[in-house]
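Me: Hi! I have a protein model open and would like to talk it through. Could you help me read it?

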Amino acid sequence: MIKVRKAEERGHFKTDWLSSHHTFSFGDYYDPKQMGFRQLRVINEDRVQPGGGFPMHPHRDMEIITLVLAGALRHEDSAGNSEVIGAGDVQLISAGTGIRHSEYNPSDTDEVHFLQIWIHPEKESLEPGYQFASFDLNGRPDSLIALASPDGGEGAVAIRQDATLSYLALTRGGRLEHTAGDGRHLWVQLTDGVVDVNGRTLRAGDGAAVSDEREIVFASAAGGALLLFDLA
């Protein structure tokens, strides 16, 4: 079964410096039918204008993944971590018992485009943690690139949940066949282009919940890119 969540159905929050689309309920956007999928709680697609950003604010008991697609984002947190996250970079904040952080666009000219993802951890009140990794998102076309996984293999950040997040860039005419594990559920989030998922057409910003589908075929006539969440 594949249930598509169209881009235009998402919540949208806009200010003079921020445009944020919410796949699931977040902030002032609330839909009781869109509270997440399995352990996946938040997918926000944010575009922050030069000099804009989020001042220091708290989180706890959440695995927070940030993937920058274009531009750069400056991170500071209460644990002393400081990082400029560029295109293809992945940051993981394991908020645990509590952490505060800020995120700003340090550029004077360029917008930053990124996804922020929240996943429930396997346990609450864990020790906070921080990880960072860089990827060439176009370096392995038509293949899955693991960005976050429980064991942190192949350079992925190690998430404290039975969940794997991968990136797939499909070339023009590209195709990938993927087999889902027993009892696994997938969420697909399109970041660019147009991709067919078992014949269902998704466009940038669309998402899809995939359950009870053992074999999944991703195909793109013109090229596209997506995030694939593999969840228990």
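Reply: Happy to! The protein exposes about 10400 Å², and carbon and sulfur atoms supply 47% of that area. Keep in mind that this is a predicted model.

Me: Okay! How many helices and strands are there in the protein?
Reply: The count is zero helices and 21 strands. The radius of gyration is 17 Å, close to the 17 Å that the globule rule gives for 232 residues, so the protein is as compact as a globular protein of that length.

Me: What box do the C-alpha atoms fill?
Reply: Along the principal axes, the box is roughly 45 × 40 × 35 Å.

Me: And what share of the residues counts as buried?
Reply: Of the 232 residues, 51% count as buried. As for contacts between residues at least 6 apart in sequence, 70% of them join residues at least 24 apart.

Me: Let's do the strands. In what order do the seven strands of the open sheet come?
Reply: The order is β2-β3-β4-β11-β6-β9-β12, with antiparallel pairing. At the edges stand β2 (11-14) and β12 (129-134); each has a single partner strand, so one side of each is left without a neighbour in the sheet. On average, neighbouring strands of this sheet are turned by 15° against each other, direction ignored.

Me: What actually holds strands of a sheet together?
Reply: Strands of a sheet pair through backbone hydrogen bonds, either parallel or antiparallel.

Me: Found it. Which residues lie in β7 and β8, and how many bridges join them?
Reply: β7 covers residues 72-77 and β8 covers residues 82-86; they run antiparallel and are joined by five bridges. The two form a hairpin with four residues between them, and Gly80 in the turn has a positive phi of about 90°.

Me: What is the bridge partner of Arg74 in β8?
Reply: That would be Val84. Arg74 also has a bridge partner in β10, namely Tyr104. β7 and β10 pair in the antiparallel sense over four bridges.

Me: Which residue of β10 is the bridge partner of Gly53?
Reply: Tyr104 again: in β10, Tyr104 is the bridge partner of Gly53. The strands β5 (residues 53-59) and β10 (residues 99-104) pair in the antiparallel sense over five bridges.

Me: New topic: rings! How many aromatic pairs does the structure hold?
Reply: It holds four aromatic pairs. In one of them, the rings of Trp17 and Phe54 have their centres 5.3 Å apart and their planes at 80°, so the pair is edge-to-face. This pair links distant parts of the chain, with Trp17 in the loop between β2 and β3 and Phe54 in strand β5, 37 residues apart.

Me: Last one: where is Ser25?
Reply: Ser25 is in the loop between β3 (18-22) and β4 (40-48).

Me: Why does Ser25 count as buried?
Reply: Ser25 has a relative accessible area of 2%, and buried means under 20%. Not counting residues up to four places away in sequence, Ser25 touches Tyr30, Asp31, Gln34, Met35 and Arg41.

Terms used. Residues numbered from 1 in each chain as written. Predicted model: local features only at pLDDT ≥ 70, side-chain atom pairs only at ≥ 80, totals over all residues. Heavy atoms only, no water. Pairing = 2+ DSSP bridges. Axes fitted to C-alpha atoms, helices over the stretch in contact; angles between N-to-C directions. Buried < 20%, exposed > 50% of the residue type's maximum accessible area, 1.4 Å probe, protein only. Contact = heavy atoms within 4.5 Å. Rg over C-alpha atoms; globule rule 2.2 N^0.38 Å. Areas by Shrake-Rupley, 256 points an atom, 1.4 Å probe, with all protein chains shown as cover. Phe/Tyr/Trp six-rings, centres within 6.5 Å; stacked < 30°, edge-to-face > 60°.
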